[in-house]
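Here are my notes on the model you sent over, point by point.

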Amino acid sequence: MSVSADLPRLLSLVPYLLARPGARVAEVAQVFGVSEDRLRKDLNLLWVCGLPGHGPGDLIDLEFEHDTVTLFEPQGVTRPLRLTSDEALALVVALRALAQTPGLTERAALDRVLIKVQEVAGAAAAPAGRVQVTVEGAERVLPIVEQALTTGRRLHLRYYVPGRDESTERDVDPIRVLLVEGHSYLEAWCTRAEAVRTFRLDRVAALQILDTPAAPPPVPDRDLSQGLFQAGPDDILARLMLHPGAGWVADYYPCESVQEQPDGTTVVALRTPDTAWVERLALRLGGRAVVLGPEELIEAVRARARAALAAYGASGG
Amino acid sequence: MPEAKTERLLNLVICLLATRRYLSVQQIRAAVPGYVGDGERAGSEEAFRRMFERDKRELRELGVPLETGTDAMAHDDEPGYRIARSDYELPQIALQPDEAAALGLAARLWQSASLAGAAGSALLKLAAAGVDVHSGEGTLTPRVAASEPAFDACLAAVRDGRQVRFGYRTAGRPGVQQRLVQPWGVVSWHGRWYLVGHDEARAAERVFRLSRFSGQVRLEGEPGSVSPPENLDLRAVLARAPAEAATSTARVRVRRETCWALRAEASSITADGEADLLEIGFADPERLADRIAGFGADAVVLAPEPARQAVLRRWRAVLPEKPE
């Protein structure tokens, strides 16, 4: 389908300009996501379009002054085209996803604008019910985090790291909340680590807004297109062979490679800065998985298993 | 030339919006510049018809509502065309500042090119209607990735109500199996996309992970030939975990300052010398062992015996057969 993107843009451009006399060409180009050059070509095209006859008074009339443009005569194109199914779907599904995220303080506004967008979209919004995005919020935690962000205050967290089975207390300066990969995260400057850290909100056991003003360093928006966690240069490459009963591991954890073998087993490779969680996973899976490498990891798993068996022996098992 | 076509299409839309009566094909040809031969082959009736058919198709694909019909007085054999303003125009909408901010937030959600583009053009239409929505970055960054190649095809299938045929790699089974499915919806769950639908061959509801799709996804059947069941809760389908009501209680001794996740699940915690004693409900000793074995020496199952043995079995399996 090679439908041109030009006509939809022009159909929005005419009413847009009509509502904004003296708009700056550079700004309009930016809003429409095109180069100034492209926009000027668009304006030149509008000039020669209009009602049948194309006599004086039939054509779209616009005027340039310095770097601004004013549209005087829209020749009937006074309002934008209604929303297409895809447009309605994109907005409605996103609004619902956020409106249903537990603990999001924008919830009330989201609910109201969702109703308005559905009304305006009409029948085009019907397929939106067939697409759903779920975001796990954190009912208790998210509103407090948002409040800390709005008031610019430091937060005290009690945070649980499952891979290391650690519960730590930290003071953090909040930077932003990320709703990504179906979970809510707080990106913050951790005063303990003296670095930016990402905290999954459903692992925050307790939190408190402190009186201290937050002063996080300016942190640019992350490129989240490849997922939340990027492999680092020092990450260890762990390789596991999974029997069919443990196949879910390949789906659940971000694996660098997944190779299904003819005998029904799966070999996965994944990168991690800290193998503690892989060791715990191996203990949990038992005979359903085999650690293939590196050697240090194989040994670490065995050491844990021996210590665990000894602990049971010691208690007279 | 692409600009010549854009010009012609814009003139066509303006013309059809302006008329109250249906315009015949010949009237359109005379009224809209670009159809009458400009030295091109468009001079012939054949060429004009083909051009006009393509133009109609393109307008329909863009969502421009072309109305066909005949007026009482018309003598034409063929129907005429017009665009009813009430079908064309975006209805009036006014947003409070917090509503505009909320909409801007939602529009930032999509990372997939097709949906991000659709959200963007939707906001442009609103801007053209005088409603400014700022979608600059704030302190809340929502993102949904849709990078699987199968995503666009599955989205189109559920939007249009058509069947999908695809290759699928089932977890734990080698090779690729062909599936024919009536798609009911697509769901993003914990950051992964799933297709929910009726598997024709198995005659049952199934959930498919889009990342396990293999090869091209083909859409089949007429638009609207698939309709999901009434009151289908897509989220509930994915959240469906076998209900495990606890039928027994295990006693587990855990070291101080460890096993936090287990403590959260325990029905009671009591101090026991240097350690803590947890009581944890369970139904199946194997599932309990899955929850406990990862804690290694930090969590010792005292009772019941089947649960204890299940944990020990897992650890023995990771050790080499011959003692070193």
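1. Val177(A) sits opposite Leu140(B), a residue of β3(B). The strands involved are β6 (residues 166-180) of chain A and β3 (residues 140-143) of chain B, which pair in the parallel sense over four bridges. Here strands count as paired if DSSP finds at least two bridges between them; helices (H or I, at least four residues) and strands (E, at least two) are DSSP runs, numbered from the N terminus.

2. A word on conventions: this is a predicted model, in which local features need pLDDT of at least 70 and side-chain atom pairs count only at pLDDT 80 or more, while totals for chains, interfaces and linings use all residues. Residues are numbered from 1 along each chain as its sequence is written, chains are lettered from A and ligands numbered from 1 in the order in which they are written, and side-chain values use heavy atoms, with hydrogens and water left out.

3. On the interface as a whole, 110 residues of chain A and 114 residues of chain B take part in the contact (heavy atoms within 4.5 Å). Chain A and chain B bury about 9,800 Å² between them, with carbon and sulfur atoms giving 61%; buried area is the accessible area (1.4 Å probe) that two parts lose on being put together, summed over both. Of the area that chain A buries against chain B, 9% comes from Arg79(A), Arg130(A) and Tyr312(A), more than from any other three residues.

4. Which residue forms a salt bridge with Arg288(A)? The partner is Asp290(B), with the closest N and O atoms 2.6 Å apart. The rule finds 12 salt bridges across the interface of chain A and chain B, a salt bridge being a side-chain nitrogen of Lys or Arg within 4 Å of a carboxyl oxygen of Asp or Glu. On the side of chain A that touches chain B, helix α4 (residues 85-99) of chain A gives the most, with 11 residues.

5. Within chain B, an open sheet of four strands runs in the order β10-β11-β9-β12, with antiparallel pairing. Because β10 (268-272) and β12 (299-303) of chain B are at the edges with a single partner strand each, one side of each is left without a neighbour in the sheet. From one strand to the next, the twist averages 30°.

6. Strand β9 (residues 248-255) of chain B pairs with β12(B) in the antiparallel sense over four bridges, and Val252(B) has Val301(B) as its bridge partner in β12(B). Helix α10 (residues 285-292) of chain B lies across β9, β11 (275-282) and β12 of chain B, at about 140° to β11(B). Axes are lines fitted to C-alpha atoms, for helices over the stretch in contact, and angles run from 0 to 180 degrees between N-to-C directions.
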